[in-house]
Amino acid sequence: MAQDHLMNTYARLPVSFHSGKGALLYDAKGQAYLDAVSGIAVCSLGHAHPEISNAICEQSQQLIHTSNLYNIEKQTQLADALIERSHLEKVFFCNSGAEANETAIKIARKFAHQKKISHPKIIVMENSFHGRTLATLSATGNPKVQEGFAPLVEGFVRVPFNDIDAITALNDDQEIVAILVEPIQGEGGVNIPDKGYLRSLRAICDQNDWLLMIDEIQTGIGRTGEWFAHQHEGILPDVMTLAKALGNGVPIGACLAGNKTAGLLVPGNHGTTFGGNPLACAAGLAVLKTLTYHDYIAYIADRGELLLDRLNQALSSFDAVVSIRGQGYMIGIELDRPCVELVKLALEQHLLINVTQGNTIRLLPPFVMSNDQTDQLIDTLSSLIQSFTQPN
C-alpha cells in the first residue's frame, strides 16, 4: 500500500487490518491474525468489545466534545472511579501517556518551586521509557530514542533500574525532588525489579521529602493482575500516570495525584483541548465497568501465572532462551541473540508479537484470549523460536 504522503516514522509491517473481534484482527481478505500485543497494551479487552463499542456509540450520538471550560459529567464519573481504585485524590485527564508524564514532570517542578529549589532534578532509570515529547524523551533511558534531539531538557539524574544503593547515594543532593519509575519496564525489555524495590523507593522518598511518581502507562488497568502494578507492593505513590488500556483504543491519558501533590496545579498552570472529553471518558468508564463486572483483575493474576508456567515448559529445552519473565499478561522472552526478524516470521504465521531491546519477545495478550488461542500462541511461538534458533 502506497504511503508516500506519510512521514517515515514507523517501520510498518506489510499488512493492513480492516476489522477485529476479541483477540483477532482481520485483513482485507478476511485472514485472521492472533493479536498477542493488544495494540501495545492498549486493547486489553480485545477488539470491538460489545460493551465498549456500545458505550462509544451511545456517547457519540449524544455529545462527543466540549471544552474543559465547562463541567463534563463523564469526566467527573471517571475520576471518581479511578480514585476509588487507586486511593489517590485528584485526576488530570489528557490524551496520551506522554502527556500524562509531562503532567507529572510539571507537578514535580511545581513542588520544587514551593520548596524554593530553582534547579530541580528528577531521578529516572536506565532503560526506561516515558514518551516522545521533549521532556519525556529526556526522562527516557534510551540513547537511541534521544539521538538527534539535543539539547535535551535538563533536570534528570539517571541511575540503574532495580538498584537501591544507586539512589541512596544521592540522598544528600538537595536539588532532587522526585523519582519517576516504571514498576515493570516495558519498552526496556519487561524488566521486573526485586520484591520490595518499590517499597524501598517509597521509604526513600518519605525520608527525603521527594515525590514518588510511578509510570503505570503500560502496567496499569489490570495488565499485571492488579489494577495498578505498584499495588503488588502495597504502596501509594504521590503521582501515578495512566493511558493505553484506559480507553481500550480511544486515546486517553490520566495523571493521578495523592495528598502531597493534589493541590499543586491550579488554573492557568496546565490544560488540554481534547483531554477528558465526553467520548474518551465514556470509553474509560466502560473499560473500568467491564473489568470490574467480569472480575478480570483476579482472572489475569491467575491466568498470567499459568501462561508463564506453560511458556517455561514449552521453551525449557531451548538453549537460546535466556529467561522468561512476566507478571500477569505482561511477559518477556529474552533470547541470547537479536531476534527482531521474528516479528515478520510470526506475521507470516498470522501471529502478532513485538520485540523490544533487540532480543526480547514481548507478549501483551488481550485479556479475552480464549484457551484455544492461548494454545495457538504457545505452539506457534515455540515453533518459531525453535526454527529461528535451531536451523536445520
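Student: In which loop is Ile 221 placed?

Tutor: This is a predicted model, in which local features need pLDDT of at least 70, side-chain atom pairs count only at pLDDT 80 or more, and totals for chains, interfaces and linings use all residues. Residues are numbered from 1 along each chain as its sequence is written, and side-chain values use heavy atoms, with hydrogens and water left out. Helices (H or I, at least four residues) and strands (E, at least two) are DSSP runs numbered from the N terminus. On that basis, Ile 221 is placed in the loop between strand 8 (211-215) and strand 9 (239-242).

Student: Is Ile 221 buried or exposed?

Tutor: Buried means under 20% relative accessible area, exposed over 50%, and partly exposed in between (1.4 Å probe, protein chains only). Contact means heavy atoms within 4.5 Å; not counting residues up to four places away in sequence, Ile 221 touches several residues, including Trp 227, Phe 228, Val 287 and Phe 367. Because its relative accessible area is 1%, Ile 221 is buried.

Student: How many residues has the largest nonpolar core?

Tutor: A nonpolar core is a set of buried Ala, Val, Leu, Ile, Met, Phe, Trp, Tyr and Cys residues joined through side-chain atoms within 4.5 Å. Ile 221, Ile 333, Ile 361, Leu 363 and Ile 385 have the most contacts inside the largest one. Helix 9 (residues 278-293) gives the most to this core, with eight residues. The residue count of the largest core is 63.

Student: How many residues does the second, separate core have?

Tutor: This second core is separate and includes Ile 107, Val 177, Met 213 and Leu 264. Its residue count is 20.

Student: Which residue has a side chain joined to that of His 47 by a polar contact?

Tutor: His 47 lies in the loop between helix 1 (38-41) and helix 2 (50-62), and it counts as buried because its relative accessibility is 14%. A polar contact is a pair of N or O atoms within 3.5 Å; within protein, one must be able to donate a hydrogen and the other to accept it, and residues adjacent in sequence count only if both atoms are side-chain atoms. Here the contact is 2.8 Å, and the partner of His 47 is Asp 35.

Student: Which residue is joined to Pro 151 by a cis peptide bond?

Tutor: Pro 151 lies in the loop between helix 6 (143-146) and strand 6 (156-159). Omega of the cis bond is about 0°, and the residue joined to Pro 151 is Ala 150.

Student: Is Lys 116 buried or exposed?

Tutor: Lys 116 is found in the loop between helix 4 (97-114) and strand 5 (121-125). Its phi is near 65°, a positive value in a residue other than glycine. Because its relative accessibility is 75%, Lys 116 counts as exposed.
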